[in-house]
Amino acid sequence: MSTAKKEQTEILNWASKDGEFRRQQSVFRDQIVDEPGAKFAPERDRYHLYVSLACPWAHRTLMVRELKGLQDFITVSVVDYLLLDKGWKFSTSEECPGAIPDTVNNASYLSDLYFKVNPEYSGRFTVPVLWDKKLNTLVNNESSEIIRMLNTCFDKFLPDDKKAINYYPENLRAEIDELNEWVYDTVNNGVYKSGFATSQQAYENNVYPLFKSLDRIEDILSKSDYLVANTFTEADIRLFTTIVRFDPVYHGHFKCNAKSIEKDYPNILKWARRIYQMPGVAGTVNMDHIKKHYYMSHRQINPTQVVPIGTGPDLSLPIN
Ligand SMILES: N[C@@H](CCC(=O)N[C@@H](CS)C(=O)NCC(=O)O)C(=O)O
């Protein structure tokens, strides 16, 4: 197949005939549960996370692992930032600084893991992947579910300060769910739907609602430090990973350029600094992987693979 033809096929894989990008549903939905006889029980050093430092969905899981102090329970592999025709690839840290090869399955590509579990698998090979080293299988590949498992499943092993952390408290669930729904559709996925649109109409159908939602978030954060009940919850974590990528990548690469976080959303910027400066969070943000992944992998959007120099607002500055 010629390169042009291949790239055309890639575009068609992303967008539907109407030019709209539609994200596929995650397939592996097993759960770690702290109950007697559970197939996937919480245990020290039993689980492994496969992530990309570039991917906002995988980034959520890394953040919760860090904030809940689960480093001893869940080991990690980091794929190469480049996502080309064969999907996510494992590289050494010499080949790709920041990458952590797969020492669990010794896979070369993320797809090897999906095929190991299901040789007939025909979906996309996405990160994050939560892997069980004991039963040698894929537990779950849906970030929103993985962060909920990490939020409570290992609590009985944790010191009191970490056990006390709950990013999805019972009394705020309805409010968190309601917020997550529109933030997911118009912001987390909205940037992708804008950037991957292959028609003007599909782009505009998504980019206007994106900025309407950012305005709505700015308003919430002008009155409160966090999105729901002035409490740091999973709603903040889920949005943070998109906001960190907004100015350096989505603003240019995904054509989300009506406004920028740094110049137009002072309260979102303050909130992002508040979260970035929480212990452990800055270490989960790798701007090199983030920028190189988007600008160099999506060659139909950026055929030259030139990576712009901007890195977005400095989130380490004092919150004023
Ligand atoms: N719903 C999934 C989405 C994960 C996802 O789409 N990950 C992207 C990276 S940002 C991926 O791995 N894409 C690879 C591909 O589609 O080939 C989740 O939240 O876990």
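**Helix packing and salt bridges in the predicted model**

The crossing of helices α8 and α9 is left-handed, a crossing being called left-handed if the near helix is turned anticlockwise from the far one by less than a right angle, and right-handed if clockwise. The structure is a predicted model, in which local features need pLDDT of at least 70 and side-chain atom pairs count only at pLDDT 80 or more, whereas totals for chains, interfaces and linings use all residues. Residues are numbered from 1 along each chain as its sequence is written, and side-chain values use heavy atoms, with hydrogens and water left out.

Helices (H or I, at least four residues) and strands (E, at least two) are DSSP runs, numbered from the N terminus. The axes of α8 and α9 come within 14 Å and cross at roughly 115 degrees, where axes are lines fitted to C-alpha atoms, for helices over the stretch in contact, and angles run from 0 to 180 degrees between N-to-C directions. The two helices α8 and α9 are therefore roughly perpendicular to each other, given that angles under 35 degrees count as roughly parallel, over 145 as roughly antiparallel, 65 to 115 as roughly perpendicular and the rest as oblique. On the α8 side the contact (heavy atoms within 4.5 Å) is made by Leu210, Phe211, Leu214 and Ile217, and on the α9 side by Leu239, Ile243 and Phe246. By class, these residues comprise 7 nonpolar, no polar and no charged, where Ala, Val, Leu, Ile, Met, Phe, Trp, Tyr, Cys and Pro count as nonpolar, Asp, Glu, Lys and Arg as charged, and the others, Gly among them, as polar.

Helix α9 also meets helix α2 (residues 56-67), the axes of the pair coming within 9 Å and crossing at roughly 130 degrees; α2 and α9 are therefore oblique to each other, and their crossing is right-handed. From α2, the residues Pro56, His59, Arg60, Met63, Val64 and Leu67 meet Ile237, Arg238, Phe240, Thr241, Arg245 and Tyr250 of α9. This contact of α2 with α9 has 7 nonpolar, 2 polar and 3 charged residues.

The structure holds 19 salt bridges, each defined as a side-chain nitrogen of Lys or Arg within 4 Å of a carboxyl oxygen of Asp or Glu. One of them joins the side chains of Asp45 and Lys133 (2.8 Å, N to O). This pair links distant parts of the chain, 88 residues apart, with Asp45 in the loop between α1 (3-14) and β1 (47-51) and Lys133 in the loop between β3 (129-132) and β4 (137-140). Asp45 is partly exposed at 42% relative accessibility, and Lys133 is likewise partly exposed, at 25%; buried means under 20% relative accessible area, exposed over 50%, and partly exposed in between (1.4 Å probe, protein chains only).

Within helix α8 (residues 200-223), Asp219 and Lys223 are 4 residues apart and thus separated by about one helical turn, and their side chains meet in a salt bridge (3.0 Å, N to O). Asp219 is partly exposed, with a relative accessible area of 40%, while Lys223 counts as exposed at 65%. A further salt bridge pairs Arg274 with Asp225 (3.6 Å, N to O); since Arg274 lies in helix α11 (residues 266-276) and Asp225 in the loop between α8 and α9 (234-253), the pair ties together parts that are 49 residues apart in sequence. Arg274 is buried, with a relative accessible area of 18%, whereas Asp225 is partly exposed at 37%.
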